[in-house]
Amino acid sequence: MSRTRPIRLLVIPLMLLAAGTVAACAPATTSIEVTTGTTVVDVRTPAEYQGGHLDGAVNLDVSAADFEAGPAEFDPTADYLVYCRSGNRSARAVALMEQAGFTSVHDAGGLSDAATATGLAVVD
């Protein structure tokens, strides 16, 4: 097998991404305004949350069996910003919240993306 073949397989997708033909999977890091009315929700496990989370975030583990009971206590018309470690669980939590009738839920993706986009500090 030629050593150049794997390189070609990598170059073509990168060229398509650079040309705008293929979109990246990660959420775009844009500025997200967090106001006093925004509830920041960390949907990781309690252990992950204790290891560092956005300042002021509440922890609601989307993987827990009772996840749906947590958002039931929230106002479905308020503003929510949801994040996790990489963006997978936050997307799932946002979908569940929207199915439950929440009208203003924003997926901020992973912790580092959310911190960059909001300007909120990561605290222990």
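**Notes on the predicted model: β4 and its surroundings**

1. Let's start in the sheet: strands β4 and β5 (residues 104–110) run parallel, joined by five bridges. L81 has H106 of β5 standing opposite. To get from β4 to β5 the chain passes through helix α4 (residues 88–99), and this β-α-β crossover is right-handed. For the wording: two strands pair if DSSP finds at least two bridges between them. Helices (H or I, at least four residues) and strands (E, at least two) are DSSP runs, numbered from the N terminus. Right-handed means that, with the strands pointing away from the viewer, the path from the first strand over the helix to the second runs clockwise.

2. A word on ground rules. Residues are numbered from 1 along each chain as its sequence is written, and side-chain values use heavy atoms, with hydrogens and water left out. As this is a predicted model, local features need pLDDT of at least 70 and side-chain atom pairs count only at pLDDT 80 or more, while totals for chains, interfaces and linings use all residues.

3. On confidence, the protein chain has a mean pLDDT (the predictor's confidence in each residue, from 0 to 100) of 83, with 77% of its residues at 70 or more. The stretch to treat separately is residues 1–28, where pLDDT is below 50; beyond near neighbours in sequence, it has seven contacts in the model. Contact here means heavy atoms within 4.5 Å.

4. Back to the sheet. β4 also pairs with β1 (residues 38–42), in the parallel sense and over five bridges. T38 stands opposite D79, and T39 has Y80 as its bridge partner in β4. Put together, the open sheet has four strands in the order β3-β1-β4-β5, with parallel pairing. β3 (58–59) and β5 stand at the edges with a single partner strand each, so one side of each is left without a neighbour in the sheet.

5. Now the packing. The largest nonpolar core has 14 residues, of which V43, Y80, V82 and V105 touch the most other members. β4 and α4 each supply at least two residues of it. Another core lies apart, with twelve residues, among them I32, V40, Y49 and L54. A core here is a set of buried Ala, Val, Leu, Ile, Met, Phe, Trp, Tyr and Cys residues joined through side-chain atoms within 4.5 Å. Leaving aside neighbours within four places in sequence, the contacts of Y80 include T38, F74, M97, F102 and V105.

6. Last, have a look at H53 and V123. H53 is in strand β2 (residues 53–54) and, at 9% relative accessibility, counts as buried. V123, in strand β6 (residues 122–123), is partly exposed at 26%. Not counting residues up to four places away in sequence, V123 touches G52, H53, L54 and D55. The C-alpha atoms of V123 and D55 are separated by 5.7 Å, although the two are 68 residues apart along the chain.

Notes. Buried < 20%, exposed > 50% of the residue type's maximum accessible area, 1.4 Å probe, protein only.
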